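Q: Could you show me how to read salt bridges and burial in a model?

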Amino acid sequence: MIRRTKRANADFNMSSMTDVVFLLLIFFMATSTLINPNALKLLLPKSTNQTSNTPAAVVSIDRRLTFYLNQKVTPFSQLESRLVALLKDSDEPCISIEAEKSVPIEQVVRVMNIAKTYGYKAILATDPE
């Protein structure tokens with residue numbers, strides 16, 4: 001009869017598992033900062049229609065009614081002059097308007113009126129459904 005002289009060891013070494021988890025954590029932290037570190041966190045309305053137009057200017061409005069021009073805080077009183085200066089040399093001037101769901105439509109219309117006055121194309125940015 002053959003007998004085993006060694007007993008099976010029931011211990012499990014977790015050090016290799018923690019190494020893998022740590023490496024995954026580093027990977028996800030590094031790739032998440034490469035996506036768009038300066039993007040504003042806006043909760044945009046949903047839409048099924050999406051366009052791939054690249055706007056020359058992005059006007060964002062957050063829930064506190066703060067206006068941003070290309071991610072820089074811009075008072076509404078200066079928005080029109082800065083948009084005109086930014087888009088004066090553009091062949092096809094296009095403004096993308098990113099407004100959170102909770103922003104009153106009047107604020108979006110104010111930006112659209114600036115675009116209409118100067119003949120700029122205005123696009124309302126949405127999240128895909």
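Predicted model: local features only at pLDDT ≥ 70, side-chain atom pairs only at ≥ 80, totals over all residues.

A: Residues are numbered from 1 along each chain as its sequence is written, and side-chain values use heavy atoms, with hydrogens and water left out.

Q: How many salt bridges does a search of the whole structure find?
A: A salt bridge is a side-chain nitrogen of Lys or Arg within 4 Å of a carboxyl oxygen of Asp or Glu. Here the search finds two. Arg64 pairs with Asp62, with the closest N and O atoms 3.1 Å apart, and Arg63 pairs with Glu100 at 3.7 Å, N to O.

Q: Which parts does the pair of Arg63 and Glu100 tie together?
A: Helices (H or I, at least four residues) and strands (E, at least two) are DSSP runs, numbered from the N terminus. Arg63 sits in the loop between strand 2 (57-61) and strand 3 (67-69), and Glu100 in the loop between strand 5 (94-99) and helix 3 (105-118), so the pair links parts 37 residues apart in sequence.

Q: Is Glu100 buried or exposed?
A: Buried means under 20% relative accessible area, exposed over 50%, and partly exposed in between (1.4 Å probe, protein chains only). Glu100 is buried at 8%, while Arg63 is exposed at 55%.

Q: Where is Thr74 found?
A: Thr74 is in the loop between strand 4 (72-73) and helix 2 (76-87), and is buried, with a relative accessible area of 3%.
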